[in-house]
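Hi,

Here is the structure I promised to pass on to you. Have a look at it, and then read on for what turned up among its side chains.

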Amino acid sequence: MPTAEARDANVRASAVTPSIDQRYSEADKFLGNGLGDLIDNADIAPRFVEGGLFYRTGNRLDQRYRFLDLSTRDTRQVAATADLLASLSAAKGSPVTIDEARIADVDYDPAKNEIRLRAFDGALWSIDAAGKAVEVEKADHREFDLLSPDGKTKIVARAWNLYAVDLTSGREVALTTDGTREQPYGRSIPELSDILREGTEEPAMPVSGQWSPDGRYLLSWRLDTRGVKKLSITQQNPADSLYPRSFTYTYPLAGAEKLPQASRFVVDVKAAMKSGKPRIVPIQMPSESILYPSPPDMGWIDGKPRMLWTERGYRQQAVYVADPDTGAAKIVAHEAVKPVVTVTSSMIFSSPELGGELAISERSGWAQLYLVTPDAPDGGKALTSGAWEVLTVDNVAEDKSSLIVTGVGHEPARNPYWRALYRVSLKGGEPTELTPEPLDHDARVSPDGKWIVDQMSSPTSPNRAVLRDGQTGRIVMELAQGDDSRLIAAGYTAPEPFKGVAADGTTPIYGMIYRPAHFDPKRSYPVIDNVYTGPTTTDVPSTWSMTRRVPGNSVAQIGAIVVMIDGTGTSRRGQKFRLPAFQNLGEVGLDDHIAMIRQMAAKYPYMDVNRVGVFGGSAGGYDTARFLLRRPDFFKVGVSASGNHDLRLDKTWWPEVSMGYADEATWERNSNMSVAGQLKGHLLLVHGDIDDNVPVTESYRLAKALMDAGRDVDLVIVPNATHNVYRPFFWKKLRDYFTQYLLGETPPPLGPVKTAASAAK
């Protein structure tokens, strides 16, 4: 509850303070599309197409789609939002609004003068030069069979086995015959979304495999789920039934003793079709634990299978290349970094044009780029070095002399999270910066490396989209300039970046401050921390666009200061900065957030550190509960959405990439259930009943642990909601919770009671 001083200050300012109804209205205005519709050129969504660049200007309500001919620099408008809506309306036979159309993924084929886009329920539509719209692919369209490169043969799945079918004669040959439900061939683990969509625990699944480029071999795998414990779920409100329906399903969990296994194999399909006697050739490499319901890595390089293998707990990764006729395999690249190989900061990918594998590795303590060749899989030539990080490789020059990479932290005077593009020579030496402006650079490189589209910005500098020369980085022409003047005119208070130090008193950390519209520095405001300490990424936005689109913009409008903070344990600042998170997700960042909020309040006394709340989703939901449980005298109110409160019950990859293959004591120490008895404040748990990412059992178990510990808790289960619970009811509930328990006010009343519909006769 507010302190007496805060209440007095707020009473004095009440004459100019908007009512709670007005503040909720502002919160709606600055949420999602409502906020985005007030910003122009936030993201031009560039796509390199044949002969040019396709991009957009404006905003969702009035988008202008343009084509730039890169040879002549001529630009023409291809279509506008009004044109797309008119075409879709004509196809539907009735007017279609922008909200109904839900236009997404707009693309353009200049040779056909044809636009393609996703609309309505996600179906693919084509609009020709005359403006005629045709639905070309249903939203739920999936290719289940695997067609050969020459289009003459397809692989089909039936009764857990694989069959090759000659499309001319219809003749088929069984490639496998001993498949079972627990050991199918070429079949991945069904995701919960597939199970719910089809209403069966064994939905139809696409054949999982890769043809060799010459269409001779099939590289595939066999799944083994024997002995793997399953989860169960009940959908209480299926759309097509009065009755609930329940399913069991396989979901690899971090706390599981046994995980599903994948064993890869090759079969010579051409020989099998000719003789009628297929020969399965096992790849001679270890079976691989499936860490998420998706197929293992499989591909072809120079006519041979290439596969990335990951050991459980991320102790090591290896790239194998195999002989398709014998299955003999050898390691051509190997990565083993202690304590874990953090795959969200490092990666290995094939680069045949350079004669090996490109590896972004933390072996030096920083994510640097190496060229690894088959003769020295544990070595590699360092192409970059220093106390900065390579994020991606964006292009390899046609003459193989250099690469273009995206990196962060190379320029010491800049924000360490701002991206920049660099040309890296294969001969070594310092990289050449192609984007010298001291801003964040969200850049795309054309496939031939000749052009760069760069959207540069910072949280305080509007988006500036330009076309650059791919060789020198020289700006060739301006494409668009971001504009939030309509947003500011609507009363929006621009966010403020904030730099402080971590709890150790020395390590620089970064944050963002969001203030409500009609902000009055004479008032006292509670503080709400929008948290995500997840070490796999960062939370504080670095771009102008994202700074304005995060939900903190909306939440602040109820009359609070919302902050975002990247403490130690997060990514993109080297292994040492992130290592405090290793096997310590339950504690990392806690005191950094408190220290940063106190520093903010020292500068801005209107921030009331006696009234601090916190909210977040997914791992941020875990953090939210953890903050209240572990620092109950500082964090008083929390709204936790879809939280993975016991990491053992989450999909394997996410916890293990930060926890390794931990022992039970470590898992228990990091479980929110183990500290449930420490709660003092108000905690709201929100979870979707069919969450397909973090099982809903996580919130149920934390609620029970709190009850067993004699603590209070509020629990909302959102019907027919997956991991994404962010719908109007959620935001209303979140606002009400903070309004009541942090602001000490009464939330707005509900609307008028609606008359019940008459019962059908």
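Arginine 548 and aspartate 484 form a salt bridge in this predicted model, with their closest N and O atoms 3.0 Å apart. Arginine 548 sits in the loop between helix H9 (544-547) and helix H10 (552-555), while aspartate 484 belongs to the loop between strand E35 (475-481) and helix H8 (485-489), so the bridge ties together parts that are 64 residues apart in sequence. Both arginine 548 and aspartate 484 are buried.

In total there are 51 salt bridges. Another one joins glutamate 26 to lysine 29, at 3.5 Å from N to O. These two are three residues apart in helix H2 (residues 20-29), which means about one helical turn lies between them. Glutamate 26 is buried, with a relative accessible area of 15%, whereas lysine 29 is partly exposed at 30%. You will also find a salt-bridge network that links Arg142, Asp194, Arg197 and Glu198.

Now for the rings: the count of aromatic pairs is 22. One of them is edge-to-face, between tyrosine 251 and tyrosine 292, with 6.3 Å between the centres and 65° between the planes. Tyrosine 251 is buried, at 5% relative accessible area, and tyrosine 292 is partly exposed, at 25%. Elsewhere, Phe54, Tyr65, Phe67 and Tyr108 make up one aromatic cluster.

Charges meet rings too. The charged end of arginine 573 lies over the ring of phenylalanine 577, 4.1 Å from its centre, and that of arginine 515 over the ring of tyrosine 604, at 4.8 Å.

Enjoy exploring!

Methods: Residues numbered from 1 in each chain as written. Predicted model: local features only at pLDDT ≥ 70, side-chain atom pairs only at ≥ 80, totals over all residues. Heavy atoms only, no water. Phe/Tyr/Trp six-rings, centres within 6.5 Å; stacked < 30°, edge-to-face > 60°. Buried < 20%, exposed > 50% of the residue type's maximum accessible area, 1.4 Å probe, protein only. Lys NZ or Arg CZ within 6 Å of the ring centre and 35° of its normal. Salt bridge = Lys/Arg side-chain N within 4 Å of Asp/Glu carboxyl O. Helix = DSSP H or I, 4+ residues; strand = E, 2+ residues; numbered from the N terminus.
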